[in-house]
Amino acid sequence: MKNNEKPSICSICKGKCCQSASGYTIPTDFQEETTLHFLISLLESGNWSIDWLEGDPRYSIRDGEPKLNRCYALRVARVNDTGVFTKSFGGACVLWSLEKGCSLPFENRPIECRFLKPIRSMSCKSNGKYSKEYCAKRWIPYQDMLIEAGHRIEKSRTHSPS
Ligand code: SF4
Ligand code: SF4
């Protein structure tokens, strides 16, 4: 998509969006194929966390039994994340700094970030379509891979000397 950054607006606001949350991704945000190896390399960097929705976002109660108890999704880590698997309730994005803003080039940012439209009144609009639920649904084919990658990183952190 076209770059929609508006430095003239965001430099005044100083990153309220990135100071209070971080973006959810979908697998196609990355140029690499979604493999276990690739997910492990992302999580190893410490810049990514696995979050989740309770239940199965594909089904409402009316549709019958959900098939997933949880639906995991990858998002950028937040400074107050407590581990690889962290259900977040806000917190600054680890890729943001007051001096430089977002450290990712626009085209490499999570879909949720790319579609946030800066507005001068600071009432910036997220594109409702690219919600956490939308992103979590795109990770459904990779649930086992996300869980395995997350567990491997947790294990390696437990065993590494502090
Ligand atoms: S997108 Fe909106 S909330 Fe985020 S830095 Fe720009 S003006 Fe502030
Ligand atoms: S990835 Fe970049 S744009 Fe998205 S929340 Fe983090 S700092 Fe902000």
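**Close-up views of the predicted model**

The structure holds nine salt bridges. The model is predicted.

**View 1. Strands E1 and E2 pair in the antiparallel sense.** Strand E1 spans residues 48-54. Strand E2 spans residues 70-76. Seven bridges connect the two strands. One pairing to locate is that of Ile50, whose bridge partner in E2 is Leu74. Six of the seven residues of E2 are buried, so the strand is largely enclosed by the rest of the structure.

**View 2. Asp51 and Arg75 meet in a salt bridge.** Their side chains come to 2.7 Å, N to O. The pair links distant parts of the chain, with Asp51 in strand E1 and Arg75 in strand E2. Side chains of opposite charge can pair when their charged atoms come close. Asp51 has a relative accessible area of 0% and is therefore buried. Arg75 is also at 0%, so this residue too counts as buried.

**View 3. Arg75 forms a salt bridge with Asp81.** The closest N and O atoms of this pair are 3.0 Å apart. Asp81 has a relative accessible area of 18%. The cut-off for buried is under 20%, so Asp81 is buried.

View 4. Glu148 is partly exposed, with a relative accessible area of 34%. Arg152, at 43%, also counts as partly exposed.

**View 5. Asp51, Arg75, Asp81 and Lys132 belong to one network.** Salt bridges that share partners join these four residues. Arg75 pairs with Asp51 and with Asp81.

**View 6. Lys14 has a positive phi.** The angle is about 60°, although Lys14 is not a glycine. Most residues other than glycine have a negative phi. Where does Lys14 lie? Lys14 is in the loop between helix H1 (7-13) and helix H2 (16-20). Is Lys14 buried or partly exposed? Its relative accessibility is 46%, so Lys14 counts as partly exposed.

Note on methods. Residues numbered from 1 in each chain as written. Chains lettered and ligands numbered in written order. Predicted model: local features only at pLDDT ≥ 70, side-chain atom pairs only at ≥ 80, totals over all residues. Heavy atoms only, no water. Buried < 20%, exposed > 50% of the residue type's maximum accessible area, 1.4 Å probe, protein only. Helix = DSSP H or I, 4+ residues; strand = E, 2+ residues; numbered from the N terminus. Pairing = 2+ DSSP bridges.
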